[in-house]
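Good morning, and thank you for joining.

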Amino acid sequence: MTEADVGGIDGGAALRTKILPLLAGYWSFGQFWGVWVILVFEFQRHHGLSDSRLGALYALLSIVAIATMLVVAPRLQHFALGVSVPASLGTLAVSAFVLVVQPTSLLWLTFPLVGAGNGLIDVYMNVAGQREETRARRPVLQWLHASYALGGVTGAAAAGALRSLDGDFRIGIAASGVALLATAWWNGRRGSRDRPPREASTVFSVSALRRTPALWIPALVVLFAFLVEGSMDIWSGLYLREQLGASAGAAAAAFVAFAGALFVGRLFAARVLFGLGPRRTILVSGIGAGVGGTIAVLSGSVPVVAAAFLLMGLAISAAGPAGFSLVQETGADPSGAVAAVATIGYTGFVWSPPLLGWIADTVDLRAAMSVIVIATLGIVASGVVAARGERPA
């Protein structure tokens with residue numbers, strides 16, 4: 001009897017056996033960044049880093065992440081997913097422990113290690129999720145990305161509680177590494193023994209953009225959506241604590257509002273897309289995130305900013321899925337097209353950190369947060385162009 005037959009007989013149990021370790025792994029990934037967004041304030045001061053130097057380290061992290069996706073991940077495809085997925089989680093776990101003990105002079109080596117872990121996770125967790133989604137015919141990838149947002153909620157809450165009790169920030173970062181190791185072990189025990197499909201070797205080829213120029217619209221939507229989400233993961237905690245003087249607990253509560261709304265929005269993104277269609281969803285998402293971001297930038301009240309973050313999270317949650325939904329309407333080969341769109345999206349993680357770091361150093365963090373609002377205008381503009389290009393049935 002094949003695994004597919006087993007799934008037909010007891011689909012729910014078989015699905016849980018395969019999916020739960022993946023969901024836990026992506027949760028631990030989000031947990032790491034949820035912890036980081038709150039504790040980076042202490043990390044930055046412990047190492048005496050300026051905003052611009054921190055931004056440069058983030059850019060180095062992102063460059064290595066993309067290089068890992070392009071060069072390293074394809075060369076690991078001969079390994080079973082039950083090996084590559086735990087190895088990906090384990091790499092980020094090791095980097096979390098290194099962040100705790102690394103001297104300032106060697107941070108330029110530590111951040112690339114974090115980038116390598118991020119790149120491997122983004123490739124192989126999504127490959128594994130896509131494989132199970134195809135088998136189960138259920139929205140596994142939607143659940144996967146929702147679990148990342150849930151990790152952001154629990155990570156930020158734990159980090160805020162730690163600092164409220166005056167705990168050492170390094171404990172929180174190390175604990176996120178322990179969670180990554182635990183989920184790596186679980187995926188190693190329960191993960192698939194299948195190898196990734198051959199098309200995973202061309203994970204992030206941009207050649208599809210040359211063949212199908214219409215892909216630039218969804219690519220730009222994903223670019224701006226990733227820029228907003230990634231910038232919030234990196235800078236929102238510093239903005240709250242440094243610019244607005246919020247305590248660690250208050251900053252954690254505000255970020256939990258954003259990540260929690262992102263989690264809920266991800267769970268219902270498919271229904272929103274079905275009801276509104278991708279083009280209207282992109283417009284609504286961009287406008288809602290822009291309104292929330294504008295309130296967050298203009299207000300000096302932490303509770304008001306937290307409410308604005310909640311609106312941003314709920315709105316931006318559907319932008320990325322809507323952008324990817326546009327891909328299928330271009331007529332391009334899905335595997336190469338989605339890979340190309342994701343590549344353009346990830347470039348936002350490369351150039352935005354040094355830009356925002358430079359703006360924060362030159363002006364202030366409020367000005368840097370304004371760049372996030374400008375990115376939401378890019379989502380709206382892309383949605384307008386997409387709507388104009390729509391052909392009546």
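Predicted model: local features only at pLDDT ≥ 70, side-chain atom pairs only at ≥ 80, totals over all residues.

The protein chain contains 16 helices and zero strands. It comprises 393 residues, and 57% of them count as buried. As to the contacts between residues at least 6 apart in sequence, 85% join residues at least 24 apart. The chain exposes about 16,000 Å², and 66% of that area is supplied by carbon and sulfur atoms.

Let me now turn to helix 7. This helix runs over residues 169-190, 22 residues in total. From its first C-alpha to its last it reaches 32 Å, which is close to the 32 Å expected at 1.5 Å a residue.

Which residues of helix 7 are buried? They are Phe169, Gly172, Ile173, Ser176, Gly177, Ala179, Leu180, Thr183, Ala184 and Asn187. Viewed down the axis of helix 7, these buried residues fall within an arc of 155 degrees, and therefore they line one face of the helix. On the other side of helix 7, the exposed residues are Ile171, Val178, Trp185 and Arg189.

I move next to the surface. Val264, Leu267, Phe268, Val272, Leu276, Val284 and Leu314 make a nonpolar surface patch of about 540 Å². Two elements give two or more residues to this patch, namely helix 10, residues 248-267, and helix 11, residues 269-276.

Val264 is found in helix 10. Is this residue buried, exposed or partly exposed? Val264 has a relative accessible area of 37%, so it is classed as partly exposed, between the limits of 20% and 50%.

Helix 10 also holds Ala257. Here the relative accessible area is 17%; because the cut-off for a buried residue is under 20%, Ala257 counts as buried.

With which residues is Ala257 in contact, leaving aside its neighbours within four places in sequence? The partners are Ala306 and Leu310. Ala306 is 49 residues from Ala257 along the chain, yet the C-alpha atoms of the two are separated by 6.3 Å.

That concludes my presentation, and I welcome your comments.

How values were computed: Residues numbered from 1 in each chain as written. Heavy atoms only, no water. Helix = DSSP H or I, 4+ residues; strand = E, 2+ residues; numbered from the N terminus. Expected span 1.5 Å × (residues − 1). Buried < 20%, exposed > 50% of the residue type's maximum accessible area, 1.4 Å probe, protein only. Arc of directions from axis to C-beta. Patch = residues over 30% accessible without salt bridge, like charges linked within 9 Å, V, L, I, M, F, W, Y side chains within 5 Å. Areas by Shrake-Rupley, 256 points an atom, 1.4 Å probe, with all protein chains shown as cover. Salt bridge = Lys/Arg side-chain N within 4 Å of Asp/Glu carboxyl O. Contact = heavy atoms within 4.5 Å.
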